[in-house]
Amino acid sequence: MIRMLSTPPQSLPFDPFRDNIFKVKTTRLPTFAFLLPGTFMSGTDLNFHIGDKVVYPNHGVGVIEQISSRSIGATIEKFYLLNIKASSLKVMVPCNNVGSVGIRRVVRNGEVQKILDSLSITEDLSTADWKDRFKENSDRMRTGSLFEVAGVLKSLIALHQAKPLSFREKKMLERARYLLVSELAMSRNCEETKIEELLAMALAKCKLRFPEASEFQA
């Protein structure tokens with residue numbers, strides 16, 4: 001028996017495809033999420049192979065485990081099978097739709113330094129109303145761009161040092177921290193603690209403190 005749920009897994013918050021992901025669960029098959037076309041576009045190479053490291057926007061890094069074909073009604077379509085690192089969720093993405101879904105390759109090592117440099121530059125603190133600020137940051141997170149995620153992280157850290165964050169913004173900061181650390185660690189093929197040290201040094205240049213993961217634990 002197959003059950004299809006209209007809400008995303010609880011382990012993956014801030015879902016940009018909240019109405020378009022279905023969790024399919026059976027007693028014989030592993031759990032999959034079928035991703036339908038979204039609103040994100042990418043100009044990068046989207047021809048993936050088994051073993052490639054990719055990023056699913058706002059959920060983090062994953063690995064292409066399999067390329068297979070499945071029947072969708074009368075049509076046979078090829079799918080990439082991703083294993084999302086954060087939750088071990090199996091995600092099946094139609095090969096023809098990876099651009100609209102927003103899946104991309106992990107940033108290259110050369111881009112890591114550019115992200116670190118951007119975090120070390122002092123910027124003015126946003127004075128927008130928290131609701132407008134939260135919407136803007138949510139939109140930035142949904143782009144799937146690690147530069148945007150880094151920008152959200154930096155702005156929320158600066159705000160947090162000036163005044164307490166709302167619960168939703170604190171969760172967003174936690175999410176941005178995870179996305180940034182996990183992807184940079186995969187890009188450089190190193191431990192996440194090493195990336196945390198690099199981020200802390202970059203932010204310290206503009207007098208910001210990189211938060212510990214334990215600060216977000218209940």
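Okay, let's start with one side chain: Lys-171 comes out partly exposed, at a relative accessible area of 33%. For the cut-offs, buried is under 20% relative accessible area, exposed is over 50%, and partly exposed sits in between, with a 1.4 Å probe and protein chains only. Quick caveats: this is a predicted model, where local features need pLDDT of at least 70 and side-chain atom pairs count only at pLDDT 80 or more, while totals for chains, interfaces and linings use all residues. Residues are numbered from 1 along each chain as its sequence is written, and side-chain values use heavy atoms, with hydrogens and water left out.

So who does Lys-171 pair with? Its side chain meets that of Glu-174 in a salt bridge, 2.8 Å from N to O. By salt bridge I mean a side-chain nitrogen of Lys or Arg within 4 Å of a carboxyl oxygen of Asp or Glu. Glu-174 is partly exposed too, at 27% relative accessibility. Both residues are in helix α5, 3 residues apart, about one turn of the helix. Helices here are DSSP runs of H or I with at least four residues, strands are runs of E with at least two, and both are numbered from the N terminus.

Salt bridges with shared partners also join Lys-135, Asp-139 and Arg-142 into one network. Within it, the Lys-135 and Asp-139 side chains meet at 3.2 Å, N to O. Those two are 4 residues apart in helix α3, so about one helical turn separates them. As a reminder, an α-helix has 3.6 residues a turn, so residues three or four places apart point the same way. Lys-135 is exposed at 53%, and Asp-139 is partly exposed at 32%.

How many salt bridges does a search of the whole structure find? The search gives 12. One of them pairs Arg-105 with Asp-52, again at 3.2 Å, N to O. Arg-105 is in strand β8 (residues 104-105) and Asp-52 is in the loop between β3 and β4, so this pair ties together parts 53 residues apart in sequence. Is Asp-52 buried or exposed? Asp-52 counts as buried at 18% relative accessibility, while Arg-105 is partly exposed at 28%.

Asn-47 sits in the loop between β3 (32-35) and β4 (53-56). Leaving out residues up to four places away in sequence, Asn-47 touches Asp-52, Tyr-80 and Arg-105, where a contact means heavy atoms within 4.5 Å. Asn-47 itself is partly exposed, at 46%. Its C-alpha atom is 8.3 Å from that of Cys-95, 48 residues apart along the chain.

Now the helices. In α2 (residues 109-119), the buried residues are Val-112, Ile-115, Leu-116 and Leu-119. They cover an arc of only 100° around the axis, which puts them on the same side of α2; the arc is taken over the directions from the helix axis to the C-beta atoms. Gly-110 and Lys-114 are exposed on the other side. The buried residues of α2 pack against α4 (146-162), α5 (167-188) and α6 (192-204).

Helix α6 gets a span check. At 1.5 Å a residue, its 13 residues should span 18 Å, and the end C-alpha atoms are 18 Å apart, which agrees; the expected span is 1.5 Å times one less than the number of residues. Buried in α6 are Ile-195, Leu-198, Leu-199, Ala-202 and Leu-203. They fall within an arc of 130° down the axis, so they line one face of the helix. Thr-193 and Met-201 are exposed on the other side. The buried residues of α6 pack against α2, α4 and α5.

On to the cores. A nonpolar core is a set of buried Ala, Val, Leu, Ile, Met, Phe, Trp, Tyr and Cys residues joined through side-chain atoms within 4.5 Å. Which residues touch the most other members of the largest one? Out of its 33 residues, they are Leu-180, Leu-184 and Leu-199. The elements giving two or more residues to this core are α2, α3 (130-142), α4, α5 and α6. A second, separate core has 15 residues, including Phe-48 and Val-98.

Last thing, cysteines. The disulfide count is 0, a disulfide being a pair of cysteine sulfur atoms within 2.5 Å. Cys-206 is buried at 9%, and Cys-190 is partly exposed at 26%.
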